[in-house]
Amino acid sequence: MKVNPEFLPLIEWWEKDGKSTVIWLLVAAAAVGGWYGFKAYKASVKAAASAALVSAYTTDELEEASEKFASSQAGGAIKLRLAKSYYDNSRFEEAMALYDELSAAVPAGFEDVPPVGKAQCLEALGRYADAQKAYEDFLAANPKSFLALTAGLGVARTIALKGDKAAALKRIEELKAANSDEIAKARIETTESAIKRYGKKASAAPAKPAAAPAKPVAAPAKPAAAPAKPVAVPAKPAAAPAKPAAAAKGKK
């Protein structure tokens, strides 16, 4: 077949580089298409994770969402909600473990939540000394945190729960002096009332009145039994003696 001389350079290029160039273009197109596809997939996952974050309510739903969207941007926020759900359902060990996990990868803006959440779990588990230290460590590192008051109240509670109510109430007074916000004041007063009740035994019932005097001396014995019924009226007198026998007639 005779080829037009004008096409000879193109034919030579095709035989030399054309096929590889086309293959490269196809690969590039697939890569670009894949990138857009992956981007669309990520966007759909993000949207689904965000929906799960606001729609999941029960612990089971949050566990499912946490597992499904663990690697998404909303994954950390879902785990924070799950940790709180564990705490609210008295699953304190599980909540504390999750707060520990989140400490290494917490969503931006929520960095202060895991350490305070863990301290609250320690308090709920009765580990008051550990809880107090956790609260105090947090306050030392984050004195201006939005959770500073929460931690401060935690310190006061744990001191009281350890048995030093006077020191706890002193701490409450310090918090009152440092917080003028009405909401903060209400929270402080609520905690103060709770602390005052810690370990307070129910007021002893008024002492029983001195034992009632022994039963009054027995009332004088009932008067001696009423005199026996009067002696029975003597029976009707014995029948009058029989009339004397008629005088013997004609006594001799």
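The model is predicted, and local features require pLDDT of at least 70, side-chain atom pairs count only at pLDDT 80 or more, and totals for chains, interfaces and linings use all residues. Residues are numbered from 1 along each chain as its sequence is written, and side-chain values use heavy atoms, with hydrogens and water left out. The protein has nine helices and zero strands, where helices (H or I, at least four residues) and strands (E, at least two) are DSSP runs numbered from the N terminus.

**Overall fold**

- Along the sequence, the secondary structure follows the pattern α-α-α-α-α-α-α-α-α.
- Of the 252 residues of the protein, 26% count as buried; buried means under 20% relative accessible area, exposed means over 50%, and partly exposed lies in between (1.4 Å probe, protein chains only).
- Among contacts between residues at least 6 apart in sequence, 46% join residues at least 24 apart, a contact being defined by heavy atoms within 4.5 Å.

**Helix 2**

- In helix 2 (residues 59-68), the buried residues are T59, L62, A65 and S66.
- These residues lie on the same side of helix 2 because they cover an arc of only 125 degrees around the axis; the arc is that of the directions from the helix axis to the C-beta atoms.
- The other side of helix 2 carries the exposed residues D60, E64, E67 and K68.

**Helix 5**

- Helix 5 (residues 113-124) has 12 residues, and the distance from its first C-alpha to its last is 16 Å, close to the 16 Å expected at 1.5 Å a residue.
- The expected span of a helix is 1.5 Å times one less than its number of residues.
- The buried residues in helix 5 are P114, V116, G117, A119, C121, L122 and E123.
- The cover over these buried residues includes helix 3 (75-88), helix 4 (92-103), helix 6 (128-141) and helix 7 (148-161).
- Just after helix 5, G126 adopts a positive phi of about 85 degrees.

**Helix 8**

- The end C-alpha atoms of helix 8 (residues 165-178) are 20 Å apart, which agrees with the 20 Å that its 14 residues should span at 1.5 Å a residue.
- A168, I172 and L175 are the buried residues of helix 8.
- They share the same side of helix 8, because the arc they cover around the axis is only 60 degrees.
- The buried residues of helix 8 pack against helix 7 and helix 9 (182-197).
- On the face of helix 8 turned away from its buried side, A166, K170 and A177 are exposed.

**Largest pocket**

- The largest pocket holds about 250 Å³ of space.
- On a 1 Å grid over the protein atoms alone, a pocket is an open set of points with protein on both sides within 12 Å along at least five of seven lines, where a 1.4 Å probe fits; lining residues have an atom within 4 Å of a point.
- Grid points are joined across faces, edges and corners, and the volume is the space filled by probe spheres set on the points.
- The lining consists of L80, K84, Y87, D88, Y99, V113, V116, G117, Q120, L147 and T150.
- Helix 3 and helix 5 each contribute at least two residues to this lining.
- The lining comprises six nonpolar, three polar and two charged residues; Ala, Val, Leu, Ile, Met, Phe, Trp, Tyr, Cys and Pro count as nonpolar, Asp, Glu, Lys and Arg as charged, and the others, Gly among them, as polar.

- A83 is located in helix 3 and counts as buried at 0% relative accessibility.
- Not counting residues up to four places away in sequence, A83 touches A95, L98 and Y99.
- The C-alpha atoms of A83 and G117 are separated by 8.4 Å, with the two residues 34 apart along the chain.
- A77 also belongs to helix 3 and counts as buried at 18% relative accessibility.
- A77 and L102 are 25 residues apart in sequence and 9.5 Å apart in space, C-alpha to C-alpha.
- S90 lies in the loop between helix 3 and helix 4 and has a positive phi of about 65 degrees, although it is not a glycine.
- S103 is part of helix 4 and counts as partly exposed at 48% relative accessibility.
- S103 and V113, 10 residues apart in sequence, are 8.7 Å apart in space, C-alpha to C-alpha.
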